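Consider the model shown here. The text below goes through its ligand shell, its helix contacts and its overall dimensions.

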Amino acid sequence: MEKQDLTPFLVAGASGLVGRALVGRMLADEGGPGVVAVVRRPLGIGDARLTEVVTDFGQVASARVPPVGTAFCALGTTMAKARSEAAFRAVDLDAVAAFAGLARRAGAKRFLLVSALGADPRSRVFYNRVKGEAEEAVKGAGFEGLAVLRPSLLLGDRQESRPAETVAVVASSLFSWAMAGPLARWKPVPAESVAAAMLAVAGGVLEGVRIVENDEIHRLAA
Ligand SMILES: NC(=O)c1ccc[n+]([C@@H]2O[C@H](COP(=O)([O-])OP(=O)(O)OC[C@H]3O[C@@H](n4cnc5c(N)ncnc54)[C@H](OP(=O)(O)O)[C@@H]3O)[C@@H](O)[C@H]2O)c1
């Protein structure tokens, strides 16, 4: 049997919906690698296998982190929170790219990015374009293996209210019959499933660039 690499995982976005699910699963695997989380503020999780590196993400490229194995990025904001296109790009593109640079310097050979369904650097839709640009930026960072997950609408318990997402969740639940068929590509996905799919991909061979679309996330997590 191949020996498991126990070099710690590196995670950004650990306080978010996907990131919390991801770190929870990593720490629940007692025989697995520890976790180094790059955060803006402490997570409040007491676990000896978790190391937190608290930093301002404007300075993330120069944060000091120990050597790591695989890196996971679930960073992101919303236009409602960011309030301007520039502020949105600063998180969903610049902070993601800076985190990828940090991961490379800390020795990560593999990187898993939570992007979004429809990501495309040539899109006329601002959100999709920035997500696509972030994918391109991470591709350019030179990892041996890169997985880009493109989930549809995320499901899970949020502390904040996001009215547009709530409306979309209700609408898609009304059309759940169609989501099983031709609309499977858009079927909302639990954040837990995204985390499970990331770990499933990280647990296998990851070389070159692998795009994991929404329907595959559902399958990997099932
Ligand atoms: N919401 C959806 O339906 C949906 C659908 C498809 C794809 N996605 C994408 O999936 C990814 C994960 O989404 P999510 O819902 O889990 O995200 P989330 O709950 O909003 O969490 C976002 C994470 O990014 C961090 N972050 C936000 N602004 C930051 C800033 N200025 N500096 C540093 N860190 C910052 C947050 O840290 P703090 O806790 O410190 O703010 C948090 O850890 C994102 O890239 C998102 O765009 C979301």
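**Ligand shell and helix packing**

Helix α1 contributes the most residues to the shell around the ligand, namely three. Helices here are DSSP runs of H or I with at least four residues, strands are runs of E with at least two, and both are numbered from the N terminus. This is a predicted model, in which local features need pLDDT of at least 70 and side-chain atom pairs count only at pLDDT 80 or more, while totals for chains, interfaces and linings use all residues. Residue numbers start from 1 along each chain as its sequence is written.

Around the ligand there are 23 residues, of which Ser 15, Gly 16, Leu 17, Gly 76 and Ala 116 come nearest; a residue is near a molecule if its C-beta atom, placed from the backbone, lies within 6 Å of it. The elements that give two or more residues to this shell are α1 and α3 (85-105). By class, the shell has 14 nonpolar, six polar and three charged residues. In this scheme Ala, Val, Leu, Ile, Met, Phe, Trp, Tyr, Cys and Pro are nonpolar, Asp, Glu, Lys and Arg are charged, and the others, Gly among them, are polar.

Helix α1 (residues 17-28) also packs against helix α7 (residues 191-202): their axes come within 8 Å and cross at roughly 50°. Axes are lines fitted to C-alpha atoms, for helices over the stretch in contact, and angles run from 0 to 180 degrees between N-to-C directions. The two helices are therefore oblique to each other, since angles under 35 degrees count as roughly parallel, over 145 as roughly antiparallel, 65 to 115 as roughly perpendicular and the rest as oblique. From α1, Leu 17, Val 18, Ala 21, Leu 22 and Arg 25 meet Ala 191, Glu 192, Val 194, Ala 195, Ala 196, Met 198 and Leu 199 of α7, contact meaning C-beta atoms, placed from the backbone, within 7 Å. This contact of α1 with α7 has ten nonpolar, no polar and two charged residues.

Helix α7 has a further partner in helix α8 (residues 214-221), where the axes come within 8 Å and cross at roughly 80°. That makes α7 roughly perpendicular to α8. Ser 193, Val 194, Ala 196, Ala 197, Ala 200 and Val 201 in α7 meet Ile 217, His 218, Leu 220 and Ala 221 in α8. The residues of this contact divide into eight nonpolar, two polar and no charged.

The chain as a whole has eight helices and nine strands. Its C-alpha atoms fill a box of roughly 45 × 45 × 35 Å along the principal axes.

Conventions
Contact = placed C-beta atoms within 7 Å.
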